[in-house]
Amino acid sequence: MPDPASSDPVLADIAASLRGRRDSLVDAMADLIVREIEFYRTAVVSREDLLKGLRGSVDFLLAHLTAPSAQSADVRAPSATGRRRALQGAPLPEVLRVYRLSFVYFWEQLLAEAQARGEHTTRALLAAATRLWGLSDVYALALTDAYREAMAEQMLETARRRAGLVAALVDGELPGGSSVWEIAHMLDFPYQGTFVVLTAEVVRASEPPLAGLESKLRALKVRSAWRAQPAHEIGVLSLPALPMAFILDAIGACATGRVGVSPVYHQLDHSERALQYAQVALESLPPQAAALRQLDDTPLRDLVMTNLDATRHTVNRVLGGLLSLPEEERARLLTTAQAWLAAGGSAAETGQVLHCHENTVRYRMRRLEENLRGSLDDPVIVAELALALDAIGTFPSLLEQFTAPQGGRSL
């Protein structure tokens, strides 16, 4: 509070005059602000709320007008206004503009009052101008600090809340009777749309695994919600009508470690299953790689992902003999088998893809057949081969348990 003993009687007299008509001054300020600033013509900040903030401004300045030796200013009023406006969603530039307009108006009223009292009073006021404008800075700084602190708290709470909603989606555990429809609304997502889930590996605890991705996604009109964990960061992305390659390029450009991306899905309540795909995609990448992989959603892939132990057992039964071959030969036969299946069993087309003669393809397929459970003329054997190759494509680690024997036949 100001020290009355140090008050300037001339300035105190001006302050007393303005204090006597404070309410009319504040009303005039409010009218000016509503005319000049469009935001304050909305219903977000009520007239009474605006008047309350302006009264705080005027009281603040009047209280310190005649206290040159006051060691500190009471900034509770501007701090309260700044915090309230942040919670109301008022833009900070417009909030500060209110204060600038009201202070200029207040100064004009002070000057007019001083000039009406004569040259001596005007000189006294002008001598105090530097201190008054300094108080304006103190007020604006207190208001800004409180506004930013409230916004930071609000953003932290929003991020915490959104992280909880993402956890509910991908864990399949909806809180307290909530529905996916409600979660979609709170995340500003559609319930039905185009979505992917991604999981990104945290390489260093001090660095985000996808630094800069948010701005890239905003530029692509992609909505996102995130859940941070010690080892991974999980995101649910709501995609616009845009080629998936653009989204993957943006993610890959920011990745510092392994990133797994789910297939595209179209109902938000499928997020739990999508996360499983994303996790498998990540784990299928080599350790310490800065790389990205997206799995396709196929019936075979869905089947092999259901139970990894059962999948491993199936691969052993179908490809056991093949997987025990030397690594180079094994890789050649597996590559040929994949191309042969993709070509619908055509040796000629497979040869074109692999840049070799079709007879070479036929030889390799006979060699592969020697290590299967039956003939490739049998549709069951072909189906088993397709399943096993899809499993290896999904879980490359299935190959790591096999050790190539010394020597062995090569092509």
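T199 is buried, with a relative accessible area of 3% (buried means under 20% relative accessible area, exposed over 50% and partly exposed in between, with a 1.4 Å probe and protein chains only). The model is predicted: local features need pLDDT of at least 70, side-chain atom pairs count only at pLDDT 80 or more, and totals for chains, interfaces and linings use all residues. Residues are numbered from 1 along each chain as its sequence is written, and side-chain values use heavy atoms, with hydrogens and water left out.

T199 belongs to strand β1 (residues 192-201); helices (H or I, at least four residues) and strands (E, at least two) are DSSP runs, numbered from the N terminus. Beyond its neighbours within four places in sequence, T199 is in contact with residues including H232, R258, L275 and L282 (contact means heavy atoms within 4.5 Å).

Helix α2 (residues 22-36) has 15 residues, which at 1.5 Å a residue should span 21 Å, and its end C-alpha atoms are 21 Å apart, in agreement. The expected span is 1.5 Å times one less than the number of residues. Buried residues in α2 are L25, V26, M29, A30, L32 and I33. Seen down the axis of α2, these fall within an arc of 165°, so they line one face of the helix; the arc is that of the directions from the helix axis to the C-beta atoms. The buried residues of α2 pack against α1 (9-20), α3 (47-65) and α5 (92-117).
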